[in-house]
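Please examine the sequence and the three-dimensional structure shown below. The paragraphs that follow lead through them step by step.

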Amino acid sequence: MTATTTLIACPGCDLLLKKIEAHPGKKLFCPRCNTVLLHKKVNSITKVLAISISGLLAYIPAIFLPLLTLHSMGMSQNGSIFDTFLSFYHQKYYFVAVLVFITSVFFPLLNLSLLFSVSLQLKTQRYSRSLPFLFRTALHMDEWGMPDVYLIALLVSIIKIISVASIDYNVGFFCFIFLVFMTRASTSALDPDTFWKNIEQIRSDSSRGVDDAR
Amino acid sequence: MMPDKATAMKAGLMSCHDCGKLLKTRETVKTEVLTCPRCNAELHFRKPHSLTRVWALIITSVLLFIPANLLPIMRVDFLGTIESSTIMDGIIYFFHEGEYFIGLIIFTASVLVPIFKIIGMIIILLSIHFKWKRGLRHKSAMFRFIEFIGRWSMLDIFVIALMSTLVSFGGLTSTIAAPAATYFSAVVVCTMSAALTFDSRLLWDAS
């Protein structure tokens, strides 16, 4: 039992190392393959809770309100993030449509909601059976949610369009920028190790509670 | 400095893929699925069938990469004249227009990144098969870089999505997607899945 608590295995190369506590804000690297072993962050749970709430507030206007309005030759046209998914869908590019939907609409929402629910449960010290599963899903989601890539694509499109039409920036555009910043902030404030330790703690406490009740 | 580089596997310890918890393994339970007591994820010494799956995904993405670049990815209908353009056509257009920076971003995201991912993964896979022990540290760094850049190849797909939504003025000007969009997004999915399925610890097992 002692061996597993005093040692740590590098996730990149499986090297066994002595466990050292990292100073808050500092990173520990594996001496063999240079993978980050630990990156301790200050007040991770509280920060993630706050960031996920603000991200969720901006979510609906960011995805469903029009981003830009174009004026060209007496006509105008606008579109939201959700409309871009619909446009692929109407053009019968179903695979691309589903991928766009997942990466820019569904996973950002899922990721923020999962982080919100996990950090709220940890903050209020409540354990539900699904807690480890929810957090695991949130960690796996992170790779496939791409609002930040979408933002760069939006800037590229603006440069493409600006020569042929005049552009009005709508509320959705600013909400979307805010949403992107919040998703990036949640990733950088997230310290999985602290979360797992808290989940383990709450889990053992709650199971002890059940035994006492019996 | 420890003289022997002991790995967790040699010491009979397993670390959880999902939460990193280090666990002792009992050799008796081989048939049933082991799960992590902390996060309930399935436990393995190494990700199961990692190499086979990564080879399959990489070969698939090489095959899909060919139509993704040869077929048109976007069609622009300007006053009835339809013009199709491939990924490279789009990039060349930007360079002609003098938008070098944007051209460079698109070129990096949709040409350099997929090629780099595919070649990089092939080098890593070959070095595991032939047990090359040189430059493992650099290969690890390269793998982490491949993991990091993977999602940025979606850039061009999002640009097409935005263009076809916003630039549609009825019969005057409209932009629609073309077949390569499907192939290209499939390349992105395959290469990203390959990076996620690959277990970088296999690189170090031979040393």
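How many Å separate the centres of domain 1 of chain A and domain 2 of chain A? Taken over C-alpha atoms, the two centres lie 33 Å apart. Domain 1 of chain A covers residues 1-40, and domain 2 of chain A covers residues 42-191.

The structure is a predicted model, and its scores are ipTM 0.87 and pTM 0.88. For chain A, the mean pLDDT is 87, with 95% of the residues at 70 or more. Among the elements of chain A, the lowest mean pLDDT, 70, belongs to helix α1 (residues 2-6) of chain A, and the highest, 94, to helix α2 (residues 44-64) of chain A. Chain B has a mean pLDDT of 86, and 93% of its residues reach 70 or more. Among the elements of chain B, strand β5 (residues 168-169) of chain B has the lowest mean pLDDT, 76, whereas α1(B) has the highest, 94. Where pLDDT is low, the predicted coordinates should not be read in detail.

Consider next helix α1 (residues 50-70) of chain B, which contains 21 residues. At 1.5 Å a residue, this helix should span 30 Å; its end C-alpha atoms are 31 Å apart, which agrees with the expectation. Which residues of α1(B) are buried? They are V54(B), L57(B), I58(B), S61(B), L64(B), F65(B) and A68(B). An α-helix has 3.6 residues a turn, so residues three or four places apart point the same way.

Strands of a sheet pair through backbone hydrogen bonds, either parallel or antiparallel. Strand β3 (residues 74-78) of chain B pairs with β4(B) in the antiparallel sense over 5 bridges. Within this region, D77(B) stands opposite I82(B) of β4(B).

Finally, the two chains may be considered together. In chain B, 53 residues are in contact with 52 residues of chain A. Helix α5 (residues 155-166) of chain B gives the most to the side of chain B that touches chain A, contributing 10 residues. By class, that side of chain B comprises 33 nonpolar, 11 polar and 9 charged residues.

Definitions and conventions
Residues numbered from 1 in each chain as written. Chains lettered and ligands numbered in written order. Predicted model: local features only at pLDDT ≥ 70, side-chain atom pairs only at ≥ 80, totals over all residues. Helix = DSSP H or I, 4+ residues; strand = E, 2+ residues; numbered from the N terminus. Expected span 1.5 Å × (residues − 1). Buried ≥ 20, exposed ≤ 12 C-beta atoms within 10 Å, placed from the backbone. Domains from an automatic or database assignment. pLDDT = per-residue confidence, 0-100. Pairing = 2+ DSSP bridges. Contact = placed C-beta atoms within 7 Å. Nonpolar A, V, L, I, M, F, W, Y, C, P; charged D, E, K, R; others polar.
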